[in-house]
Amino acid sequence: MKDMFIESLKNLFKKPATHQYPFEPSPPPPNYRGNIVYKKELCIFCTKCELVCPPGAIRFTYNEDGSREFHYNPYLCIYCGECVRACPKAGCLIQAEEMAPPATEEEIPNWDEIEKEAEESKKRWLKARKKSKT
């Protein structure tokens, strides 16, 4: 029993044998498709990325002044790259090599609210657009 206790104390100060976390980040798996990076200055706000995103991780909200705002949820994204392929503006959406950092509860966006606002703002925008055409 004494030997087991000594061995347990030694293990408290050793690095884990299986994985080096938290000492080193996990290496990305082969063929890893990284985070989506959005460059607002290149965006033409065509919303094609929103339309092709399978899990709905990209949403646009329409502001009163007619401008649009891009929202991206990296914790909902499946990193399929469909948004990057659908984007007609080269370099606006790219897949970076780095992995997403672990999220804390404060960093996770309230996606239900963003989706609700996106739907409501789109309806308001379409209604205002209809009125201006008549």
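## Salt bridges around Arg124

Arginine 124 pairs with glutamate 117 in a salt bridge, with 3.1 Å between the closest N and O atoms; the term is used here for a side-chain nitrogen of Lys or Arg within 4 Å of a carboxyl oxygen of Asp or Glu. This is a predicted model, so local features need pLDDT of at least 70 and side-chain atom pairs count only at pLDDT 80 or more, while totals for chains, interfaces and linings use all residues. Residues are numbered from 1 along each chain as its sequence is written, and side-chain values use heavy atoms, with hydrogens and water left out.

Arginine 124 comes out as partly exposed at 38% relative accessibility, and glutamate 117 is partly exposed too, at 33%. For these labels, buried is under 20% relative accessible area, exposed is over 50%, and partly exposed is in between (1.4 Å probe, protein chains only). Glutamate 64 also meets arginine 124 in a salt bridge, at 3.6 Å, N to O. Glutamate 64 sits in the loop between β2 and β3 and arginine 124 in helix α4, so this pair ties together parts that are 60 residues apart in sequence. At 72% relative accessibility, glutamate 64 counts as exposed. Helices (H or I, at least four residues) and strands (E, at least two) are DSSP runs, numbered from the N terminus.

The salt bridge count comes to five. One of them joins the side chains of arginine 59 and glutamate 119, at 2.4 Å from N to O. With arginine 59 in strand β2 and glutamate 119 in helix α4, the pair ties together parts that are 60 residues apart in sequence. Arginine 59 is buried, with 13% relative accessibility, whereas glutamate 119 is partly exposed, with a relative accessible area of 38%.

β2 pairs with β3 in the antiparallel sense over five bridges (strands pair if DSSP finds at least two bridges between them). Threonine 61, for instance, has glutamate 69 in β3 as its bridge partner. The two strands form a hairpin with five residues between them, and glycine 66 in the turn has a positive phi of about 95°.

## Helix α4

Helix α4 covers residues 111–133, and its 23 residues should span 33 Å at 1.5 Å a residue; the end C-alpha atoms are 33 Å apart, which agrees. The expected span is 1.5 Å times one less than the number of residues.

The buried residues of α4 are Trp111, Ile114, Ala118 and Ser121. What covers them includes β2 (58–62) and β3 (68–72). Elsewhere, arginine 68 lies over the face of tryptophan 125, at 4.8 Å from the ring centre. A charge sits over a ring if NZ of Lys or CZ of Arg is within 6 Å of the ring centre and within 35 degrees of the ring normal.

## Aromatic cluster

There are four aromatic pairs in the structure. Rings of Phe, Tyr and Trp (its six-membered ring) pair if their centres lie within 6.5 Å; planes under 30 degrees apart count as stacked, over 60 as edge-to-face and the rest as tilted. Phenylalanine 45 and phenylalanine 60 are edge-to-face, 6.0 Å centre to centre with 75° between the planes. That pair links distant parts of the chain, 15 residues apart: phenylalanine 45 is in the loop between β1 (36–38) and α2 (48–52), and phenylalanine 60 is in strand β2.

Phenylalanine 60 has 1% relative accessibility and therefore counts as buried. Phenylalanine 60 also pairs edge-to-face with phenylalanine 70, at 5.5 Å centre to centre and 70° between the planes. Phenylalanine 70 is buried as well. Tyr38, Phe45, Phe60 and Phe70 form one aromatic cluster.

## Cys77

Where does cysteine 77 sit? Cysteine 77 is in the loop between β3 and α3 (82–86), and at 14% relative accessibility it counts as buried. Leaving aside neighbours within four places in sequence, cysteine 77 is in contact (heavy atoms within 4.5 Å) with Ile36, Pro55, Ala57 and Tyr72. The C-alpha atoms of cysteine 77 and isoleucine 58 are separated by 8.3 Å, with the two residues 19 apart along the chain.
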